[in-house]
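Subject: Structure handover and notes on it

Dear colleague,

I am passing on the structure that we talked about, so please open it first and keep it in view while you read. My notes on its cavities and on the contact between its chains follow below.

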There are 2 protein chains.
Amino acid sequence: MLGALAWAQACLAAQDPLPSWNDGPSKQHIEEFVKKVTTQGSPDFVEPAERIAVFDNDGTLWTEQPVYSEVFFALDQVRALSPQHPEWKTTEPFKSALAGDMKGVAATGEKGALELVAATHAGMTTDEFARRVKQWVSTARHPKTKRVYTEMVYQPMLELLHYLRDNGFKTYIVSGGGQDFMRAWTESVYGIPPEQVIGSESELTFELQDGKPVLMKQPKVVLVDDHAGKPVGIERFIGRKPIFAFGNSDGDQQMLEWTTSGDGARFAGLVHHTDADREYAYDRQSKVGTLDKALDEAGAKGWTVVDMKNEWKTIYPADKQ
Amino acid sequence: MLGALAWAQACLAAQDPLPSWNDGPSKQHIEEFVKKVTTQGSPDFVEPAERIAVFDNDGTLWTEQPVYSEVFFALDQVRALSPQHPEWKTTEPFKSALAGDMKGVAATGEKGALELVAATHAGMTTDEFARRVKQWVSTARHPKTKRVYTEMVYQPMLELLHYLRDNGFKTYIVSGGGQDFMRAWTESVYGIPPEQVIGSESELTFELQDGKPVLMKQPKVVLVDDHAGKPVGIERFIGRKPIFAFGNSDGDQQMLEWTTSGDGARFAGLVHHTDADREYAYDRQSKVGTLDKALDEAGAKGWTVVDMKNEWKTIYPADKQ
């Protein structure tokens, strides 16, 4: 009997496209939605070309605490570039950045943040920037877990991306993070190719270097792909309204509103970080990934809110049983 | 014998993916290129994901003379909107536009052009704009041929788009035309979905109208997708360097330079308008679709230049034998 039971369980596991999700309401909502939009003859059937699914990145597909990973990248870049900038030792925000003094960096406000972005995300070609990001993601480690950042993606969300693609969906990232920063690694980690990654964008200029065309990254930001910028980014890049959207913070609220404003069946989901032991627990009071107004709207409109602690069996791929 | 010959010809035609192209150098270059990048084991083999092909639209996929079709659209919109704007009867560029006085419109220069764009391409939602474009392309007729504009696409280029897609390429439009203007009809006419149409873009704002989210088109232009703006648009939208590019004017020069700057096999093509009888003949002196510097560079670098008169059997789909 035991042998037959183990066999039956293995069969069930093989058939379950979302094995890292407990059988809670979120998993049920997702599966019901996918079933009704992909069943020929269903009143909610959606043609494959219109099966557009959009995902926030920070806090939705990977960990964003204690601060966005791209900030750690910028700080590491300041350290790497500092030998060419002796003046940084005495000028903010670089002085604090070099000292690892996060409070000092934060005290320089938006002006300081923009200077850090300009120093680490501009003044080089797109190829050189991609090379630096690739090097960083393969070596830098998260301060709490000591894992490389690309191992701090959420196993249940990887399964969800696969499950949607297996059902004819086209999966996109729509994130406030730097578009070029994400594109350097999203294909190998999430299976999402560069042309399906929408992020905040800086100005590019076309130049000839020794007769060879290059694109130079400029410090001017042309799209902040967050809050109301997300529907704008979606319209510019995709030109279709998604039918499925997942986020985790108030920065995703307008994306979820936009997605659910279309006709027919629509899915809106939020990852609620409720797991202080295995990941982090935060929502309304957090400065990073604030989830306040969107949580209220989710309650009022019946959006799916994933209780990470109770609904996810596994957080990170390496912890899989 | 005649029966057998006809049968053999029919078989050959069925096997020829580019039946509207004469057996000239351009057809040969295209077929050789596609063969070498798609043959497993070839030193020039390219993985399907990297088979990105980009096409200019005006003058490359459809007729752009005597002036870009989108200008006719704008003039028709001025006429349609004029009852709500009595002041247009006495103010330029609207006065000339309403009188059909193209020289008068041209005399108002860039300022006039921007005012026309603002009046006809902004101040409405993206949905409303798409509805207007769809209505226009289904009814408006070209001044010379009296055909609707979507019948003035080039049959040989339609075949080329199909041929590339059949060989695993992803086909994109990269045009100076309005992105929203093109997306309203490119899927049904070219088989190119909205997410593969890159064009000039205006600012969008996310707003709530009676509680429902909309995107409002603003008069401010955020990307002029022409000349050096084309490689910028390609990088922002695709994030990969194309291996195949087709244009017809100096506005495409940087796109062709960018495409051919990558490693491995690359294809750069220009449509040369040499057919005054069946279409138009123009190049260096034309104000619309000027082909001057890019023609020199094509000669110097061995880019493929299509002699429309001698290399295309058919221009428009309706003229097909």
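**Cavities**

The second largest cavity holds about 30 Å³ of space, and please bear in mind throughout that this is a predicted model. Its lining is made up of B:Asn57, B:Asp58, B:Trp62, B:Glu70, B:Ser175, B:Gly177, B:Phe181 and B:Met182, and when these residues are sorted by class there are three nonpolar, three polar and two charged ones. In terms of secondary structure, strand E2 and helix H9 (179–183) of chain B each give at least two residues to the lining of this second largest cavity.

How many cavities of 30 Å³ or more does a search of the whole structure find? The search finds two, and the largest cavity has a volume of about 80 Å³. Both chains take part in lining the largest cavity, with A:Lys170, A:Tyr172, A:Glu195, A:Gln196 and A:Phe237 from chain A, and B:Lys170, B:Tyr172, B:Glu195, B:Gln196 and B:Phe237 from chain B. Strand E2 (170–178) of chain A and strand E2 (170–178) of chain B each supply at least two of the lining residues, while the lining of the largest cavity by class comes to four nonpolar, two polar and four charged residues.

**The contact between the chains**

Accessible area lost when parts come together is often used to give the size of an interface. Here, chain A and chain B bury about 2,900 Å² between them, and 55% of that lies on carbon and sulfur atoms. On the side of chain B, the residues that lose the most area to chain A are B:Glu195, B:Phe206 and B:Arg236, which together account for 24% of what that side buries. The contact involves 33 residues from chain A and 33 residues from chain B.

Turning to polar interactions, there are 16 residue pairs in polar contact across the interface, counting pairs with both residues at pLDDT 80 or more, and eight salt bridges are counted between the two chains. One salt bridge joins the side chains of A:Glu201 and B:Arg236, at 3.2 Å from N to O.

Which elements of chain B supply at least two residues each to the side that touches chain A? They are E2, H9, strand E3 (197–209), strand E4 (212–223), helix H11 (229–237) and helix H12 (253–260), and the residues of that side divide into 15 nonpolar, seven polar and 11 charged.

With best wishes

Note on methods: Residues are numbered from 1 along each chain as its sequence is written. Chains are lettered from A and ligands numbered from 1 in the order in which they are written. This is a predicted model: local features need pLDDT of at least 70, side-chain atom pairs count only at pLDDT 80 or more; totals for chains, interfaces and linings use all residues. Side-chain values use heavy atoms; hydrogens and water are left out. On a 1 Å grid over the protein atoms alone, a cavity is a set of points where a 1.4 Å probe fits but cannot get out, and a pocket is an open set with protein on both sides within 12 Å along at least five of seven lines; lining residues have an atom within 4 Å of a point. Grid points are joined across faces, edges and corners, and a volume is the space filled by probe spheres set on the points. Helices (H or I, at least four residues) and strands (E, at least two) are DSSP runs, numbered from the N terminus. Ala, Val, Leu, Ile, Met, Phe, Trp, Tyr, Cys and Pro count as nonpolar, Asp, Glu, Lys and Arg as charged, and the others, Gly among them, as polar. Contact means heavy atoms within 4.5 Å. Buried area is the accessible area (1.4 Å probe) that two parts lose on being put together, summed over both. A salt bridge is a side-chain nitrogen of Lys or Arg within 4 Å of a carboxyl oxygen of Asp or Glu. A polar contact is a pair of N or O atoms within 3.5 Å; within protein, one must be able to donate a hydrogen and the other to accept it, and residues adjacent in sequence count only if both atoms are side-chain atoms.
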